[in-house]
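The entries follow the order in which I worked.

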Amino acid sequence: MSTATLSGTCPECETELTVPSVVQGETFSCPECMLTLRVEAIVADRLQLSMVEVQLRDWGQ
Ligand SMILES: [Zn+2]
């Protein structure tokens, strides 16, 4: 049903991003700066994105 794409701006490199439908909490990589971004919220088809610090170690020991 939903074929709409969503758009947002990378908080790091300010590239305008258009992605297939994502859900809140989903992560994807910015194609420009390769940073991992997380969808914090979706407001009026605009993605509210935040940077995710990639953890190289698993802290849940
Ligand atoms: Zn970026």
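Below are my notes, from the whole chain down to single residues.

**Entry 1: the model as a whole.** I noted before anything else that this is a predicted model. I looked up the secondary structure and found zero helices and five strands. Reading along the sequence, I wrote down the pattern β-β-β-β-β. I then checked the extent of the C-alpha trace, which spans about 40 × 25 × 15 Å along the principal axes.

**Entry 2: burial and contacts.** I looked up how much of the protein is buried. Of the 61 residues, 7% are buried. For contacts with a separation of 6 or more, I found that 22% join residues 24 or more positions apart.

**Entry 3: the sheet.** In which order do the five strands lie in the sheet? I read the order as β2-β1-β5-β4-β3, in an open sheet with mixed pairing. At the edges I found β2 (16-19) and β3 (27-29), each of which pairs on one side only.

**Entry 4: the partners of β5.** I took the pairing with β1 to begin with. Strand β1 (residues 6-9) runs parallel to β5 (residues 46-51), and two bridges link them. In this pair I noted that Ser7 has Arg46 of β5 as its bridge partner. I then turned to β4 (residues 36-43), which pairs with β5 in the antiparallel sense over six bridges. Here Arg38 stands opposite Ser50 in β5.

**Entry 5: the hairpin.** I followed the chain from β4 into β5 and found that they form a hairpin, with two residues between them. In the turn I noted Ala44, which has a positive phi of about 50°.

**Entry 6: two loop residues.** I looked up positive phi values in the loops as well. Glu14 is not a glycine, yet its phi is positive, near 60°. I located Glu14 in the loop between β1 and β2. Is Glu14 buried or exposed? I recorded Glu14 as exposed, because it has 10 C-beta neighbours inside 10 Å and the cut-off for exposed is 12 or fewer.

Met34 is not a glycine either, and I found a positive phi of about 65° for it. Met34 sits in the loop between β3 and β4.

Methods. Residues numbered from 1 in each chain as written. Predicted model: local features only at pLDDT ≥ 70, side-chain atom pairs only at ≥ 80, totals over all residues. Pairing = 2+ DSSP bridges. Helix = DSSP H or I, 4+ residues; strand = E, 2+ residues; numbered from the N terminus. Buried ≥ 20, exposed ≤ 12 C-beta atoms within 10 Å, placed from the backbone. Contact = placed C-beta atoms within 7 Å.
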